[in-house]
Every structure is written in structure tokens, then in C-alpha cells.
Amino acid sequence: MDDHLISRKHAELNYSKGKLYLTDLGSANGTFINAEKLVKETKEINKGDKIVLGESKYNFKIEGME
């Protein structure tokens, strides 16, 4: 990810039991799902969610997820 506001330990993406989760790892510049800031917490990512790390916006398409 080419964004100077994203560190190597910014956030973590996990898949468990058919669901996708995003965890903020204490980032200084923000981890957001649908404009809601995560602060050292984990939230489920759902279809259509907007994810922002630092100043970068990402759209994830996972094949096989409903």
C-alpha cells in the first residue's frame, strides 16, 4: 500500500467462519469502516462497506462470499 500514513502494523484483515474482520492495531492515522473510526478494536466487514486506511480508500471483492 503506497500511502505514507499507513504503517506495517496499521491494521489486520482476518477471515473466520465465513466472515471477514478488520482490526485496528493502534494506528496513529486511522482505520475506518463506513466513516466509523476503529480504535484498537475489531469489526466485521460486510458487502458494500467502505474501508479507509490513512488517506487511502479500498474496495474489497472476495470471491465466494455472500
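Visitor: In which strand does T23 lie?

Guide: In this predicted model, T23 lies in strand β2, which covers residues 19-24 and pairs with strand β1, residues 11-16.

Visitor: Why is T23 called buried?

Guide: The relative accessibility of T23 is 13%, and the word buried applies under 20%, so T23 counts as buried.

Visitor: What makes the approach of T23 to T42 a polar contact?

Guide: The side chains of T23 and T42 come to 2.7 Å, and the cut-off for a pair of N or O atoms is 3.5 Å, so this pair is listed as a polar contact. Leaving out residues up to four places away in sequence, T23 also touches H10, A11, E12, N14 and E41, besides T42 itself.

Visitor: How do you know that β1 and β2 are paired strands, and in which sense do they run?

Guide: Pairing asks for at least two bridges, and β1 and β2 have six bridges between them, in the antiparallel sense. Within this pairing A11 stands opposite D24 of β2, and in the hairpin, where two residues lie between the strands, K17 takes a positive phi near 50°.

Visitor: What makes β5 a partner of β2?

Guide: Four bridges join β2 to β5, residues 42-45, and the two run antiparallel; since at least two bridges are required, β2 and β5 count as paired.

Visitor: What is the largest nonpolar core made of, and which elements give two or more residues to it?

Guide: This core has seven residues, namely L20, L22, I33, L38, I45, I51 and L53. The elements that give two or more residues to the core are β2 and β6, the latter being residues 51-53.

Visitor: How many helices and strands does the protein have, and what share of its residues is buried?

Guide: The protein has zero helices and seven strands, and buried residues make up 29% of its 66 residues. Its accessible surface comes to about 5,100 Å², with 47% belonging to carbon and sulfur atoms, and among contacts between residues at least 6 apart in sequence, 32% join residues at least 24 apart.

Technical notes:
Residues are numbered from 1 along each chain as its sequence is written. This is a predicted model: local features need pLDDT of at least 70, side-chain atom pairs count only at pLDDT 80 or more; totals for chains, interfaces and linings use all residues. Side-chain values use heavy atoms; hydrogens and water are left out. Buried means under 20% relative accessible area, exposed over 50%, partly exposed in between (1.4 Å probe, protein chains only). A polar contact is a pair of N or O atoms within 3.5 Å; within protein, one must be able to donate a hydrogen and the other to accept it, and residues adjacent in sequence count only if both atoms are side-chain atoms. Contact means heavy atoms within 4.5 Å. Accessible areas come from the Shrake-Rupley method with a 1.4 Å probe; for residues, only the protein chains shown count as cover. A nonpolar core is a set of buried Ala, Val, Leu, Ile, Met, Phe, Trp, Tyr and Cys residues joined through side-chain atoms within 4.5 Å.
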